Number of protein chains: 2
Amino acid sequence: MQKTKLIDFPAIKTACSKCSLQQLCLPQGLNNADMERLERLVKRPRPLHRGEYLFCQGDRLKSLYAVRSGSFKSYCLGEDGSEKILGFHLPGELLGLAGLGDGEHHATASALDTASVCAVPFDRLQELADHLPSLNHQLHRIMGQRIARDQEALMLLGDKSAQERLATFLLNISSRFAERGFSAREFNLSMSRQDIANYLGLTLETVSRTFSQLQKDGVLEVDRRLIRIVDRGRLTDAAGASFTDTSSATR
Amino acid sequence: MQKTKLIDFPAIKTACSKCSLQQLCLPQGLNNADMERLERLVKRPRPLHRGEYLFCQGDRLKSLYAVRSGSFKSYCLGEDGSEKILGFHLPGELLGLAGLGDGEHHATASALDTASVCAVPFDRLQELADHLPSLNHQLHRIMGQRIARDQEALMLLGDKSAQERLATFLLNISSRFAERGFSAREFNLSMSRQDIANYLGLTLETVSRTFSQLQKDGVLEVDRRLIRIVDRGRLTDAAGASFTDTSSATR
DNA sequence: CGGGCACTTGAATCATCTCAAGGTTTGTGG
DNA sequence: CCACAAACCTTGAGATGATTCAAGTGCCCG
């Protein structure tokens, strides 16, 4: 009895069917039988520490990854060593989709804090999707979402001011935290000012100044990486007209 | 005999198997039998004139579209009426992929000149893909490419100067024309200075000045919307380090 | 031929960047 | 547990590239 318990416990602990991220992740919309078949493909490598790489630009695409805990940034490097951050990835989000085009990763993904992932071997996922329309449709859906999200990011960089960019960014992070059951009002940013600046197309100093300004105006309370949204209405105003706040959570 | 000829002619003219864009478009990599099954789904609506809409933001996603001729821009509108251009679409490229996330178009697509498309009803495409793994993989590949392309656009807006942005944009357009069998050295832009400016996150005046500067420096010859690349090497330099020129075509 | 639209060019302004210095937290080794 | 170094963040002042506002040109279409 102890033996089965010892064997089963990790399996149950990590099963997709028990995962709190199910609704945000690949298995969303799958029935139990299909989820079990997907489950059998999933590997769960050891957790990564801050700064470790999940994959690197130029690597052959072997697996897709879903974030289980912690967070990642993905970025491209220019040959001059500069990096451009393409996005941040929270639990439940998939990484590596851009590699589907030609089977090669176009970006590097590194952990922002201690983080764990589920890895799904891409060829076997594709095989399984060939036989499970529901999984296949879910894959399409996720890729479509991802394209839509990248397009939002494009709009952000378009012609917005520093304040609009930072406000939009914070609202975006806030609603992603809320989706995962965390507070939309108060959260810890896992990325540095430099990372935020790079992502938003600004300098570190401008981001810092903008945080200070929003704090002075009573919109935020900022304590290093801990952010509290004091006046969500004014933050939304600061984000500019084109932002439509989907979640009005105030938890 | 005349009769069959009259009936068959348009069918042959428009068949995927005869289309010069096959290698850039959805049927790429499909065998003849599969291509024929895809072909049966494809509708070819009347051509659109400059300014006409292929679909609008908020429309239910009914079809995916592939550009046959002409070109499109896709853009989002803020509630204040402003528009942000997300991309330009040349023949062989697919439109509407971002809608896969939630079945609704997130952008508006309008014709930049007289343009024609192939329309593939999305539900029937999905059904067919469920039975044809090769089509399904091709769909994944195209979506992956699209994500990768959007990410390149993101890098462009990151922290580059006006000259770097415009140079990168022109090299990008140039290689896309080359892929389609047109000259990489000399081409007509189908979009206005305003559209380019909007896409690049600049003002119309800055784009105009930058064109003038590149012409004065002997890098380009610019005659209204006709562009000739005189010194590709220096244009690549102007685009900045992080751009890697995939096509070295000089046709 | 004339009116309108797209584009060019100039001059002044402004937001952000750059450079520079100082402060605070974190982690490490003594 | 303390001291020190490194990393991270904040703030200020001056420089700069892009924007704004404004005027003028030339091409295209009716």
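How do the residues of the surface near DNA strand D divide into nonpolar, polar and charged? They divide into five nonpolar, seven polar and six charged. Here Ala, Val, Leu, Ile, Met, Phe, Trp, Tyr, Cys and Pro count as nonpolar, Asp, Glu, Lys and Arg as charged, and the others, Gly among them, as polar.

## Model and numbering

This is a predicted model, in which local features need pLDDT of at least 70 and side-chain atom pairs count only at pLDDT 80 or more, while totals for chains, interfaces and linings use all residues. Residues are numbered from 1 along each chain as its sequence is written, and chains are lettered from A and ligands numbered from 1 in the order in which they are written.

## Surfaces near the DNA

DNA strand D is surrounded by 18 residues, the closest being A:Ser192, A:Ser208, A:Ser212, B:Ser161 and B:Thr206. A residue is near a strand if its C-beta atom, placed from the backbone, lies within 6 Å of it. Two or more residues each come from helix H6 (193-200) and H7 of chain A and from H7 of chain B. H7(A) gives the largest share, six residues. Helices (H or I, at least four residues) and strands (E, at least two) are DSSP runs, numbered from the N terminus.

Around DNA strand C there are 19 residues, with A:Ser161, A:Thr206, B:Ser192, B:Ser208 and B:Ser212 the closest. Helix H7 (204-216) of chain A gives two or more residues to this surface, as do helix H6 (193-200) and helix H7 (204-216) of chain B. The largest share, six residues, is from H7(B). By type, the surface near DNA strand C has five nonpolar, seven polar and seven charged residues.

## Contact between the chains

Chain B has 38 residues in contact (C-beta atoms, placed from the backbone, within 7 Å) with 38 residues of chain A. On the chain B side, strand E4 (83-89), helix H3 (122-131) and helix H4 (133-159) each supply at least two residues. H4(B) provides the largest share, 19 residues. This side of chain B divides into 15 nonpolar, 15 polar and eight charged residues.

## A sheet in chain B

Chain B holds an open sheet of three strands in the order E8-E10-E9, with antiparallel pairing (at least two DSSP bridges between two strands). Strand E8 (186-188) and strand E9 (220-223) are the edge strands, each pairing on one side only. Three bridges join E8(B) to strand E10 (residues 226-229). B:Glu186 stands opposite B:Arg228 in E10(B).

Key
Contact = placed C-beta atoms within 7 Å.
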